[in-house]
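I opened this entry to keep track of what I looked up, one topic at a time.

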Amino acid sequence: MNIWLLLLVIAMIFLVIFQIAKASEYVSVLKGEKKAREQSNRVNAFLMLAFLVLGLAGAYWCNELLAKETLFAQGSASIEGEKIDSMFMLTLYITGIVFILTQILLFWFSFKYQEKEGRKAYFFPHSTKLELIWTIIPAITLTVLVVFGLRHWFKITGDAPKDSMLVEITGQQFGWQYRYPGVDGVLGKKKYTLINSGNTLGQDWADKANHDDLSPTVMYLVKGKPVKLVINSKDVIHDVGLPHFRLKMDAVPGIPTTLWFTPKWTTEEMRERTGNPEFEYEIVCDQLCGASHYAMRGVIKVVSQAEFDVEMAKLKPTYFVAFPDKDPSNAKPATVAADSTKAATAAVVAPVKAKI
Amino acid sequence: MSEVLLNPQVAEIGHDDAHHGHHHEEGFVSKYIFSMDHKTISKQFLITGIVWAIIGGLFSVFFRMQLAYPDQSFPWMEDLLGRWAEGGRIKPEFYYALVTMHGTVLVFFVLTAGLSGTFSNLLIPLQIGARDMASPMLNMLSYWFFFLASVIMLSSLFIQTGPFSGGWTAYPPLSAIGDMSPGSKLGVDLWITSMAMFVVSSLLGGLNYIATVLNMRTKGMSMTRLPLTIWAFFFTAVLGVLSFPVLFSGFILLLFDRNLGTSFYLSEIFVQTTQTALPNEGGSAILYQHLFWFLGHPEVYIILLPAMGMASEIISTNARKPIFGYMAMVGSLFAIAILAFLVWAHHMFVTGLNPFLGAFFVLLTLLIAVPSAIKVFNWLTTIWRGNIRFTPAMLFALGFVSLFISGGLTGIFLGNSALDIHLHDTYFVIAHFHIVMGVASFFGMFAGVYHWFPKMFGRYLNNTLGYIHFWGTIVCAYVIFWPMHYTGLAGMPRRYYDYSQWQSFKQFGDLNVVITIAAIISFMLQLVFVFNFFYSIFKGRRLTTQNPWGSTTLEWTTPINAGHGNWPGEIPEVHRWAYDYGKDGKEFIPQTVPVGADESKH
């Protein structure tokens, strides 16, 4: 019974601490309250100083150890994310200075002005000048941060560029589905009541725009080409978290949301940059969505335009999967295989017309 | 006396005490259980809060075990948790239940009821010079509604489908539809019922605090002579009274959606497990978030303001110096209270909120940093050239300031929507709010307990245990939460059961072990405090003087073990503000001392 032994040890430690505490209280009563207080005051004042020094050293050490593990070490993988990174660094410098300054003052004052025989506290109830200084300086600094922040915010949340490609991403318990508009560049209509095992997105087959829509199992994006994500959810609130691109947006049932960005590096390039041969751009669900929330993983492959075209060509529209008899490749297997490849390739080059 | 007219019951007690010196003997039930004495009610809140804190803390130990050792099994966990930890590993749905209950319990039951319930009750009448609350009866009910809420919440831990597991924010549709998760079945109904009882408790308490502060101050106690504690409790109560009803309405609509087939929050939902499309259309899941955060953000300040008030009082007393910039302190509390209502949507930047609307919330959110900065600088100036006594209370108050700075500054990152897009719902957020609202407020609460324990029980807490408690806890707090900023910057999402399948996050396995060990040590240290607390109630060193800390405020003019009614004779009259420490060469001048002719002005 390992656990009982552990509990016993803990109980013993408690007992020892308690006995020491009890004894020290008796000693302090014997020594006199004043003397005991002076002694403990000196010890605690010294510990305040020690905590400051060790704390700052610890913070530095922690930074050395962990800063390289954060995403900032590898840089933003999207052009828009660069702004977020620079905004972050600006905020970090400002708050960092304030942090170090105020913590030093707090612990240094505590140490320096510990109770001493004969010292009198300085009666200093207020000073309008000082109070104005530390109202106005923070106000100005924060204005700077707000202005920079909002400029980036409006840029990032603004309309996607006209030449963006369009990808729909739909969350469900517990996974992601992707849909590309196909040749016509238009995502077909869908209705949640039409969802069934053969039509997992609830596409309305009466809408011709649906007939060429493609649903790969991985999201393919093109390096350097802006992409606009249309985000849906089938059940609860999920969140499309894209840490490498520095972005995220909730997937809300009944209310489509959007997000756009421009990937900077292909997955292969990122594998070299990070030195991790298994690197993937992962889609992280960032909104608690149920028991398997932690496993709701999606993958984005950022590739070159040429590779992208090849990948798209391999896909068969969902419509043909649902209705194999409508699939021309099934009717005349030999020749049409080549045709549909051509058609799918065309889908990729077609400009995006859809506006959701 | 105005309170005589307002409340005959209090008048009667005052009458008894004034003329006969002692109160008639009360029975056990009316003295300790259904007591109407604010001092007893405050102890009830505190002890219930401590029990909940142990439970909530223990939950965090369980889920930290899972995070540190995702692939190991601990048979003792199965012994303890039964089928929720079959084979010694916590199940995902129970992990989420633990996370949810940890949040709910600590935010509401410990840091709201346990903090403001305890100290508003104890200090408002004692520091303003009143015999009791405006309505002792409602005050008693406030505690018992809290107790009822506690019983319901506790019972939800033992039901077949398990406690609610959708996060303390309870976002629908996850919380609205039973088929979405086992924890979304009966667990949610119990959770909502419990929270509704809790809102009733908060409102009864809050209205009482406001009425008492406004109407029942003793002669000479103008609003600008109130100690900062009272100002803080007053604003806290106002925040609660104005925002809890909104939360309540949000919960009621959720209850309707769950049980009556309405569609306030539901629209176009296809349930995966049953493969059915629900008929609900046209609702908005985002509406709930607005209602929730309209309380949720003020709630942060409901938790923080009492800690600020107590830290101000304790720092000034133990630095033997007046609080610097009293009016600026009151003004910044007021500014924070106002702004608290205008920033709720900063929790919703990534919900698809209109970016233009978001811009206002960025502005107003970052504006809160100004009054917060004023407070920090004023605290620093208060200890500057003081003559500091490091009582355990003082250490915790200074620790509060340190944590408030650390956690407050990271709020500047999160309040800026452009950065929030990246940091939202990552461990950066966990680090931020645990430091600034969780641990900092706990430090304020500990400071209060160490400082006013002699007033509550007529005995001291053991100092050595207090020092061990403080130094251990502040080190652990930073070791636990500081590295989480980095994992957050690596994009690591909160509320994950296991990170080992993720290329992006699996590198933090060792770090999670360190954090978990620190969390367990920290939990043990709190048990040291709990032991010290209960031991000292019965066996602590007895108080020999009425005013052990050399304090100016009125509570120290009451007898060591004051009866119901607080002062045996007349309520003392107040002649000055609460912070005449070190004035004119005097160590301190109590508020009850008339202003001398030769006294300097300030």
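Before looking at helix packing I noted how axes are taken: they are lines fitted to C-alpha atoms, for helices over the stretch in contact, and angles run from 0 to 180 degrees between N-to-C directions. I also noted that this is a predicted model.

**Two helices in chain B**

I looked up helix 6 (residues 92-128) of chain B against helix 10 (residues 285-319) of chain B. Their axes are 10 Å apart, and the helices pack at an angle of about 40 degrees. Angles under 35 degrees count as roughly parallel and those of 65 to 115 as roughly perpendicular, so helix 6 of chain B and helix 10 of chain B are oblique to each other. The crossing of helix 6 of chain B with helix 10 of chain B is left-handed.

Next I listed who meets whom. From helix 6 of chain B come B:Val107, B:Leu111, B:Thr112, B:Leu115, B:Ser116 and B:Phe119; helix 10 of chain B answers with B:Glu299, B:Ile302, B:Ile303, B:Pro306 and B:Met310. By kind, I find 8 nonpolar, 2 polar and 1 charged in this contact.

**Where the chains touch**

I then turned to the two chains. On the chain B side 104 residues are in contact, and on the chain A side 100 residues. Which helix of chain B gives the most to the side that touches chain A? Helix 17 (residues 463-489) of chain B does, with 11 residues. The side of chain B that touches chain A holds 63 nonpolar, 30 polar and 11 charged residues.

**The sheet in chain A**

In chain A I traced an open sheet of 4 strands, ordered 2-1-4-7, with mixed pairing. Strand 2 (175-179) and strand 7 (257-261) of chain A are the edge strands, each pairing on one side only. From one strand to the next the twist averages 25 degrees. Strand 1 (residues 165-172) of chain A runs antiparallel to strand 2 of chain A, and 5 bridges join them. One pair I wrote down is A:Gln172 with A:Gly175, its bridge partner in strand 2 of chain A.

**A hairpin in chain A**

Last, I checked strand 5 (residues 238-242) of chain A, which pairs with strand 6 of chain A in the antiparallel sense over 5 bridges. A:Val240 stands opposite A:Met249 in strand 6 of chain A. The hairpin of these strands has 4 residues between them, and there A:Arg246 takes a positive phi near 70 degrees.

Is strand 6 (residues 247-251) of chain A buried or exposed? I count 5 of its 5 residues as buried, so strand 6 of chain A is largely enclosed by the rest of the structure.

Methods
Residues numbered from 1 in each chain as written. Chains lettered and ligands numbered in written order. Predicted model: local features only at pLDDT ≥ 70, side-chain atom pairs only at ≥ 80, totals over all residues. Contact = placed C-beta atoms within 7 Å. Nonpolar A, V, L, I, M, F, W, Y, C, P; charged D, E, K, R; others polar. Buried ≥ 20, exposed ≤ 12 C-beta atoms within 10 Å, placed from the backbone. Pairing = 2+ DSSP bridges. Parallel < 35°, antiparallel > 145°, perpendicular 65-115°, else oblique. Left-handed = near helix turned anticlockwise from the far one by under 90°.
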